[in-house]
Amino acid sequence: MEAKKFTNINKLEKSELQTFTFAYPPAELILESGEKLGPVTLVYETYGELNAQKSNAILVLHALSGDAHAAETNGWWESLIGPGKGLDTNKCFVICSNVIGGCRGSTGPSSTNPKTGKPYGTDFPLVTIGDIVQAQIHLIDHLGIEKLLAVIGGSMGGMQVLQWMVAYPERIRSAIPIATTMKHTPQQIAFNEVGRQAIMADPDWKNGHYYGSVVPAKGLAVARMIGHITYMSDSSMAEKFGRRVREDKKPFKFGAEFEVEGYLQYQGDSFVKRFDANSYLYITKAIDYFNILNGNKNLGNIFKGLKAKVLVISFKSDWLYPSYQSQDIVKACKLAGVDTTYCEINSTYGHDSFLLETEQETQLIKHFLNTVSNGHNGGKQ
Amino acid sequence: MTQATLKAEHKIIIGWIPKEASVLDLGCGDGELLSLLISEKQVHAQGVELNETSIHRCVAQGLSVFQQDIDTGLSEYADNSFDYVILNQTLQQVKRPDFALKEALRVGKKVIIGFPNFVQASARLQILRGRVPVTKALPYEWYDTPNLHFLSIADFKAYCKKRNLHIEDSAFIRKNNKIRLLPNLFAEIGLFLLSK
């Protein structure tokens, strides 16, 4: 793994970071676009112990800006994963890998292109959620796991869960898609597009070939700021910032005067240090292109024959991935006769709820996983 | 409603449902009846409930449950998707009982209805005294009742006749016991097993 200017490698190195490289030429990964990618490296972390039957493995799938470091200190889902927590590492073996196209150790646009010896940049092929999941199945095979106890994720992680349900239904015993959708609406695509335009309008972007020089920090920071607005809710922002003015405001007309401005600028600036602008472009495109209904006009056929139990969770104040989108997933499950549970959690944090409102989430997930692992089936077959 | 009253209703409903049937419980509450049906009859159970706290309790018992408003219908289910659809202590609380019952009869081969009898003797006495009744089966004050519709056993029978619904079986409960004599006067709860 080469060192990258923007990556906070230190944090990653402290944890139990593992890598798996596969798809060496000529057996490259064939992407949905028809292009080939190889070799492919996935960076992943695991927590807990895999049991002798290899029946207690849970794959955690991260969202747009996430990485393999899901649990333990500073893990992005630290509140849900750990001993005695929702994903109980005393009982389960939890795996989380960074997605392909990403910039946190897995192969992406900032990785070295074996053909040129230089970073791919925008020569990196377009990847889809399907491709991301296809890479994950190689990792699961590599770990010798035949059937996962659960696949779980929120937002883009939830899209990967849906993809698992469709692409590898026989490899999962349960699926937990959270605050997600079967396909992006024009509104959701629009927010991503503004983020992409901000990056591409930054003169430092240089058509994506900026590695080794200055990174398009301004553009990426603005993209992250837009993202952050969509992750919160009107009431969570009001509660967090009000109209309070920063005490350390600088004597400049358009400085960050309101706390919310300072917060967004801070989020934008700190994101630039750990994330690659090109990865932001690639991953948001993968999210926008995702459509589990592709070529399937009948909603009832999508999950037909799925034996896994499904737990769908949405959040009342999430306006980026509103509950109706989760209810559509539930509808498709019902039509297919899939054993499904659905709950809309009453939370005010907006889309961020899936990371923050973990108390309710924990209870649901814990009990649901107990039911799955005990084989006790309360539901319809 | 007392725990004891609930038990008698549950006993009758469990008796009506054969082993390994598929059951949809509309307004399943905390999942008490569905859990009993699974342990007693190994049914394939699916619950529908609006209350989030109740959903958590159902999931804690290992039940599969959807958070949904029954008033929005059951359009995702094909005709006869379930052997039994249960509306126990639910019908009087939905906005459109006629629509809910129609949907239940469409997706279920058979439908079980349970409701409090509004004209039971002690309720009649309270009305004669000039008060809206508060009884064991109708424990709510006028200002906090979730019940939107008040019906009697006779009303429900008349309704079934009007809608051409076949009553396969019925049972009436007073003080946690099955009764036969003058149910419209004495029963606190009416239970009906309907088919199309």
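**View 1. Where chain A meets chain B.** In this close-up, 22 residues of chain A are in contact with 19 residues of chain B. Keep in mind that you're looking at a predicted model. The most comes from β12(A), with six residues. Sort the chain A side by class and you get seven nonpolar, ten polar and five charged residues.

**View 2. The two domains of chain A.** Chain A splits into domain 1 (9-183 + 295-374) and domain 2 (188-288). Their C-alpha centres sit 25 Å apart. Where they meet, 28 residues of domain 1 of chain A are in contact with 21 residues of domain 2 of chain A. On the domain 1 side, the elements giving two or more residues are α2 (129-142) and α3 (156-167) of chain A. That side has 15 nonpolar, twelve polar and one charged residues.

**View 3. Inside the largest nonpolar core.** This core has 163 residues, and the ones touching the most other members are A:I58, A:V60, A:V94, A:A150, A:V151, A:A175 and B:V85. Helix α8 (residues 277-289) of chain A gives the most to this core, with seven residues. Domain 1 and domain 2 of chain A both hand over residues, so the core lies between them. As a rule, nonpolar side chains in soluble globular proteins tend to be buried together.

**View 4. Zooming in on A:V151.** Which residues does A:V151 touch, if you skip those up to four places away in sequence? They are A:L59, A:L61, A:V161, A:W164, A:I172 and A:A175.

Note on methods. Residues are numbered from 1 along each chain as its sequence is written. Chains are lettered from A and ligands numbered from 1 in the order in which they are written. This is a predicted model: local features need pLDDT of at least 70, side-chain atom pairs count only at pLDDT 80 or more; totals for chains, interfaces and linings use all residues. A nonpolar core is a set of buried Ala, Val, Leu, Ile, Met, Phe, Trp, Tyr and Cys residues joined through C-beta atoms within 7 Å. A residue is buried if 20 or more other C-beta atoms lie within 10 Å of its own, exposed if 12 or fewer, and partly exposed in between; C-beta atoms are placed from the backbone. Helices (H or I, at least four residues) and strands (E, at least two) are DSSP runs, numbered from the N terminus. Domain bounds come from an automatic or database domain assignment. Two residues are in contact if their C-beta atoms, placed from the backbone, lie within 7 Å. Ala, Val, Leu, Ile, Met, Phe, Trp, Tyr, Cys and Pro count as nonpolar, Asp, Glu, Lys and Arg as charged, and the others, Gly among them, as polar.
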